[in-house]
Amino acid sequence: MTVKPCTVIAAFCLTGSLLLAQNQQPTPEQYQDALNQLRQLQADKNELATKNRDLLKKIHDLEEQHQDNAMRVETLENRMYYLREHYAAWQEFLDHNPPLRVMWYTFFTSGEFQESVHDLLGDGKWPFGVEG
């Protein structure tokens, strides 16, 4: 029976690697290095958890702002619809009363009317001064 050289080399490599794996004990330096790596990973994990909590708080605040803004938009849309309806009714009313249209145009373009509308609500912020 002849043994091939590649079989001997393969057996030697396998037994040698098994012997090295069985005899190798972690050194105190390796243990300390692994412990330091685990501590660093735990610190990184804690830092990410803190950032996650902060981001979740920001998300919650932004959702509240979004809800408030959505309510404001709905209120403004309702007011805009109301004003458009009244403006359309006013225009139709003026169409049926030409002398009144001339009087309205004269009043509307006069300087006296412009001064009275300048600060209609008295807060200096017309037309955006009163929230509602």
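Trainee: Quick one to start: does Lys 51 count as buried, partly exposed or exposed, and at what relative accessibility?

Mentor: Lys 51 counts as partly exposed, at 45% relative accessibility. For the terms, buried means under 20% relative accessible area, exposed means over 50%, and partly exposed is in between, using a 1.4 Å probe and protein chains only.

Trainee: Okay, and what sort of model is this?

Mentor: It's a predicted model: local features need pLDDT of at least 70, side-chain atom pairs count only at pLDDT 80 or more, and totals for chains, interfaces and linings use all residues. Residues are numbered from 1 along each chain as its sequence is written, and side-chain values use heavy atoms, with hydrogens and water left out.

Trainee: Back to Lys 51. Which residue does Lys 51 form a salt bridge with?

Mentor: Glu 47, and their closest N and O atoms are 3.5 Å apart. A salt bridge here is a side-chain nitrogen of Lys or Arg within 4 Å of a carboxyl oxygen of Asp or Glu.

Trainee: Why can side chains pair like that?

Mentor: Side chains of opposite charge can pair when their charged atoms come close.

Trainee: What about Asp 95, which side chain does it meet?

Mentor: Asp 95 meets Arg 101 in a salt bridge, 2.5 Å from N to O. Asp 95 counts as exposed at 52% relative accessibility, and Arg 101 as partly exposed at 31%.

Trainee: Switching topic: how many helices and strands does the chain have?

Mentor: There are 4 helices and 0 strands, so along the sequence you read α-α-α-α. Both kinds are DSSP runs numbered from the N terminus: helices are H or I with at least four residues, strands are E with at least two.

Trainee: What share of the chain is buried?

Mentor: Of its 132 residues, 2% count as buried. The chain exposes about 12,500 Å², and carbon and sulfur atoms supply 63% of that. Those areas come from the Shrake-Rupley method with a 1.4 Å probe; for residues, only the protein chains shown count as cover.
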